[in-house]
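Visitor: Could you walk me through reading this structure? I would like the general idea of each feature and then the case here.

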Amino acid sequence: MNQFNVAPFATPAISEPPRGERGSSLGLRASSSAELIEQVERGFSFKTLHTLESRSGLPGSALAGLVGIPERTLARRRSKGKFTPEESERLLRLGTVFELAVELFEGDNAAALRWLTAPRKALEGKTPLAYARTELGAREVEDLIGRLENGVIS
């Protein structure tokens, strides 16, 4: 078990998101970055968390923790049915990291989840998911994924 109580090898049935589209792991459809930005600014539907949960195999409570949404706030968002723009942007950041990891592992969601939940030397011994809690950390994880895709030893 790791710091988010996610067993790295115990993966439930994971539904496959469309590959190559940013936000697809959240169930979003956007034909351009501008359209995706508009969706972030409006705030995502609460359903996006459930979609990411089913596609990633991570519990919704762990995902909420990763994007900095306390349990009581999560309960309010559930009843309201919507996230704030700031929370939506953090969900998109997490979804993007998940999508890139799935691409790294050529569509193997379980392998991507194992990689995301295991400590990495290149990330100061933290898991990629924990490192991606901040924008700067997420960029570092994305950079690491890019190096691994290109065969650069990291």
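Guide: Let's start with the elements: helices (H or I, at least four residues) and strands (E, at least two) are DSSP runs, numbered from the N terminus. In this predicted model, the protein has eight helices and zero strands. Residues are numbered from 1 along each chain as its sequence is written, and side-chain values use heavy atoms, with hydrogens and water left out. As this is a predicted model, local features need pLDDT of at least 70 and side-chain atom pairs count only at pLDDT 80 or more, while totals for chains, interfaces and linings use all residues.

Visitor: Where is confidence lowest and highest among the helices?

Guide: pLDDT is the predictor's confidence in each residue, from 0 to 100. The protein averages 88, and 86% of the residues score at least 70. Helix H3 (residues 60-66) has the lowest mean, 94, whereas helix H5 (residues 85-104) has the highest, 97. Residues 7-19 are another matter: their pLDDT is below 50, and this stretch has 32 contacts in the model beyond near neighbours in sequence. A contact means heavy atoms within 4.5 Å.

Visitor: What share of contacts joins residues at least 24 apart?

Guide: Taking contacts between residues at least 6 apart in sequence, the share is 63%.

Visitor: How many residues are in the largest nonpolar core?

Guide: Buried means under 20% relative accessible area, exposed over 50%, and partly exposed in between (1.4 Å probe, protein chains only). A nonpolar core is a set of buried Ala, Val, Leu, Ile, Met, Phe, Trp, Tyr and Cys residues joined through side-chain atoms within 4.5 Å. Here, 47% of the 154 residues are buried. The largest core has 36 residues, and Phe-44, Phe-83 and Val-141 have the most contacts inside it. H5 gives the largest share of this core, eight residues. Leaving aside residues up to four places away in sequence, Val-141 touches Val-97, Trp-115, Leu-123, Pro-128, Tyr-131 and Ala-132.

Visitor: How many cavities of 30 Å³ or more are there?

Guide: On a 1 Å grid over the protein atoms alone, a cavity is a set of points where a 1.4 Å probe fits but cannot get out, and lining residues have an atom within 4 Å of a point. The structure holds two cavities of 30 Å³ or more.

How values were computed
1 Å grid on protein atoms, 1.4 Å probe; cavity = no way out; pocket = protein on both sides within 12 Å on 5 of 7 lines; lining within 4 Å. Points joined across faces, edges and corners; volume = space filled by probe spheres on them.
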